[in-house]
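Here's a quick tour of the ligand sites in this one. Have a look at the sequence and the model, then read on.

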Amino acid sequence: MRDGKILSNIVAGQEAHKQFGGVVPEMASRAHLQNIVPSLNLALLEANISIQEIDAIAFTQGPGLVGSLMVGVSFAKGLSLSLQKPLVSVNHIQAHVLAHLIEDEKQLKPTFPFLCLTVSGGHTQIVLVNSPSDMHILGQTNDDAAGEAFDKAAKILGLPYPGGPLIDKYAQMGNADKFKFPTPQIPDYNFSFSGLKTSMLYFVRDNVAKNPDFVVENLGDICASYQRTIVDFLLMKLRRAAKDNRINQIAIAGGVSANSGLRKALTVLGEKEGWETFIPKFEYCTDNAAMIAIAGYFRYLDGETCGLDVTPLARIAE
Ligand code: KG4
Ligand code: ZN
């Protein structure tokens with residue numbers, strides 16, 4: 001990144017997870033180890049800069065799987081030590097939100113304060129963003145994340161990992177009114193998805209007992225109905241938070257913000273509510289390097305560098 005503009009955004013493939021039907025922590029950290037040097041080399045090549053030209057090194061401190069974080073943190077420290085360049089730690093979830101502030105002529109940026117619905121495989125939050133360094137979590141999930149609700153349902157339907165994009169794909173061919181899944185009942189701006197996943201489990205079990213081909217014959221309709229339940233639930237909470245806080249700058253972020261049903265429904269709701277909506281480019285939805293760079297850039301400008309004693313954090317309190 002240079003002055004908030006992305007020079008390259010290399011994302012290593014996540015093929016290792018497909019083989020195991022999910023993220024196996026040990027496999028994930030080994031894949032990080034194998035991919036990290038080639039990814040850096042490719043990034044420098046694509047950006048057309050030498051490593052000596054770099055001013056600062058940003059890395060993900062957490063939250064996440066500690067083994068994978070350890071690889072990134074150790075590598076960043078090694079680079080910092082050998083190049084004598086400052087280190088900047090980044091909070092992964094905040095980085096998803098800050099991807100909206102990347103300089104790009106083709107993308108409008110939200111103005112502060114804005115609300116961001118951050119929906120990923122590990123988190124589901126509604127965040128009030130006052131500035132890059134001032135964010136408040138208004139609500140979050142009490143159990144599973146929205147991405148897990150997609151991935152676990154996909155697994156029940158016999159689809160490979162990660163199932164979110166596949167549910168999205170089959171949903172586009174289905175009828176969302178065909179089946180009914182229960183909308184989770186949870187107060188305030190909070191979320192819960194574990195009951196929804198369980199309802200999918202019983203729904204499939206009961207119907208397959210009557211017709212062994214039920215899933216294959218109804219895959220599009222099941223995916224469309226289930227996806228719509230998640231999207232409606234997310235937007236119902238987002239709408240409430242926007243109304244109560246009188247905010248009309250509304251963004252979505254994280255892997256699930258790639259979901260075509262959510263993107264469409266947000267646009268429609270935004271027009272109705274008089275919101276200005278901000279939907280990330282696809283490459284900035286799921287985990288990516290650019291979002292870590294922009295988050296690190298703001299911290300670097302604020303003088304928030306860290307020492308070589310920094311350690312990964314699996315969890316981060318607000
Ligand atoms: O942000 P992300 O790449 O990683 C985490 O920080 O967790 O999000 C990954 C999650 C996975 O659960 C994946 O299934 C989901 O985002 N996802 C989607 C779509 N693309 C990715 N879920 C629904 N529809 C999609 N198109
Ligand atoms: Zn993420």
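## Contacts to ligand 1

This is a predicted model, so treat what follows as computed from it. Start with Gly164: one of its backbone N or O atoms sits 3.3 Å from an oxygen atom of ligand 1. Asp151 reaches in with its side chain, placing a polar atom 2.6 Å from a ligand oxygen. Asp287 uses its backbone instead, with a polar atom there 2.8 Å from an oxygen of ligand 1. On its own the ligand would expose 560 Å², and the protein buries 87% of that.

## Who makes up the shell

Helix 4 (92-98), helix 5 (146-156) and helix 6 (164-171) are the elements giving two or more residues to the shell. In total, 18 residues surround ligand 1, with Gly121, Asp151, Asp168, Asn259 and Asp287 the closest. By type, they split into 10 polar, 5 nonpolar and 3 charged.

## The zinc site

Asp287 turns up again here. Together with His92 (NE2) and His96 (NE2), Asp287 (OD) coordinates the zinc ion (ligand 2), at 2.0 to 2.1 Å. The donor spacing in sequence reads H-x3-H-x190-D. His92 lies in helix 4, while Asp287 is in the loop between strand 7 (276-278) and helix 10 (289-301), so this pair links parts of the chain 195 residues apart.

Asp287, at 48%, is partly exposed.

Notes. Residues numbered from 1 in each chain as written. Chains lettered and ligands numbered in written order. Predicted model: local features only at pLDDT ≥ 70, side-chain atom pairs only at ≥ 80, totals over all residues. Heavy atoms only, no water. Near = heavy atom within 4 Å. Polar contact = N/O pair within 3.5 Å; in protein donor to acceptor, adjacent residues only side chain to side chain. Areas by Shrake-Rupley, 256 points an atom, 1.4 Å probe, with all protein chains shown as cover. Helix = DSSP H or I, 4+ residues; strand = E, 2+ residues; numbered from the N terminus. Nonpolar A, V, L, I, M, F, W, Y, C, P; charged D, E, K, R; others polar. Donors = N, O, S within 2.8 Å, 3.2 Å for Na, K, Ca; no water. Buried < 20%, exposed > 50% of the residue type's maximum accessible area, 1.4 Å probe, protein only.
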